[in-house]
Amino acid sequence: MRDAYQVAAVRAAEQALMGRVPDGTLMGRAAAGLASVCAALLRAAPGHVYGARVVVLAGRGDNGGDALYAGALLARRGAAVTAIAAGSAVHPGGAAALREAGGRVSSPADVGYADAVPAAHPIAGADLIVDGLLGIGGRGGLREPFASLAAEAETARQAGATVVAVDLPSGIDADTGAVEGPAVRADVTVTFGAIKSGLLIDPGAGHAGTVELVDIGLGPYLETEPAASAPQRDDIRELLPRPGAESDKYRRGVLGLLAGSDRFTGAALLSAGGAVHGGAGMVRVVTTQEAAVLVRQKWPETVVTVHPDEGEWDLLGSVGRVQAWVAGPGMGTGPDAVARLTAILRTDLPVLVDADGLTILSQHQDLLPRLAPTLITPHAGELARLLGADPASVEARRLEHARRAAAQLGVTVLLKGSTTVIASPDAGPVLVNPTGTPWLATAGSGDVLSGLAGALLAQGLAPAQAGLAGAYLHGLAGRLAAAGPGDGTAQAPIGASDLVRALPAAFRSL
């Protein structure tokens, strides 16, 4: 797992370590790591380090000091380094080190950005820009002159410059990833000692670019558990169930799938496809007559039960034995759909609720919480309805709302979107999926995820594990489907059916 921590935990670890090492040690380690990453980026560019034009945007705090000391190390390797003081003062030791190494430190008067950054400003011609404006304690969007400097850095980045953020991009909330105004957008973020949770979660993750962790010795002093964790390939590989010599279809897990309607037949097909390729030993699909015909044609390995359009019906007695349920994709929200969802939620079996099932829950919250393991998989709009919140607020503060929903509803919440986050009601670390891709923003993609994660739930994974492994494989399938054969550099639009077809390759790649 790639673990991330809250600011308070990082601050406490820094204080504990600084009491054991000479003054300036941590800043020296941070600056050396930052300079090493910057040098590697410059070596990858045509100009290399010698003669490269580097601009350091320096605030008055320790992040500015880290950036200035790193600038001094680059200057000693032949880079032309100019630091721009973004306020009335900069870190004195860092500024002195840069000047001694042959770099230049511009005062606010030299820059003259009362209105805007001049076109002849050194940012405009930079090969590499180092963002040391604000540290992890910054809150809210950037104010002037920081906002203008960030805008000029973005203009230079669009023209080909590389932007490197020190610890985190200025203007990002280090704990939540929220962006509440102007902020730096980096290509690479070099973070020190521990990853900050806001670097893993959008919109902050989208501003961070590639995150490089520099070890400055904090590890033994991080005494609290992580706030967020992102799995790596080996973590998912270890989670996935594998059949053994004694396995049969029942031991591999039987999933009940309540999905689809005469209007939304595709939801039944796609969720069934995700379930079939998710490793369950058997998938029992419960749907309408029209959808049932199509499911039997597409997925003959499933066992299909047709439910009546209306009237009382013994769902549980009619379907047969299952070990987990998925309820919701395309099943409708009328009274009979409510009755079927209620019957499933009154069992002691694990249940995944998605799509129309979430709409029903927003209208009948008395159905939650339940004692049996439960996973819900909303997007921001669906979670907003469940919480009575603004969808834009949910999208902007994903970690906060996922945690709130898990605690309030007593279920595990998989919040889909640009960053998929998974929060459990036990208030442990939020899990963050790293394999998401914009190609997944297509109709039916969520239905595939429901079936896939439900199959993992039926095989015995806990809700958070099933959600995490499902989201990881789902994202991986999206990448593989978009790339197609070849080296993956050329990509094409995909549909949800392409995800289903790519799932076996996603499993094999692990």
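User: What makes up the count of helices and strands in the protein?

Analyst: The protein has 19 helices and 19 strands, where helices (H or I, at least four residues) and strands (E, at least two) are DSSP runs numbered from the N terminus. The model is predicted, so local features need pLDDT of at least 70 and side-chain atom pairs pLDDT 80 or more, while totals for chains, interfaces and linings use all residues. Residues are numbered from 1 along each chain as its sequence is written, and side-chain values use heavy atoms, without hydrogens and water.

User: How do you know that the radius of gyration agrees with a compact globule?

Analyst: The rule is 2.2 Å times the number of residues to the power 0.38, and the radius is taken over C-alpha atoms. For 510 residues a compact globule would be near 24 Å; the protein has 26 Å, which agrees.

User: Why is strand β12 called mostly covered?

Analyst: Buried means under 20% relative accessible area, with a 1.4 Å probe and protein chains only. Six of the six residues of β12 (residues 282–287) are buried. In a regular strand the side chains alternate between the two faces of the sheet. In β12, Met282, Arg284 and Val286 are buried on one side, and Val283, Val285 and Thr287 on the other. Across the protein, 56% of the 510 residues count as buried.

User: What makes β11 and β12 a pair, and in which sense?

Analyst: Two strands pair if DSSP finds at least two bridges between them. Strand β11 (residues 254–258) and β12 have five bridges, in the parallel sense. Leu257 stands opposite Val285 in β12.

Terms used
Buried means under 20% relative accessible area, exposed over 50%, partly exposed in between (1.4 Å probe, protein chains only).
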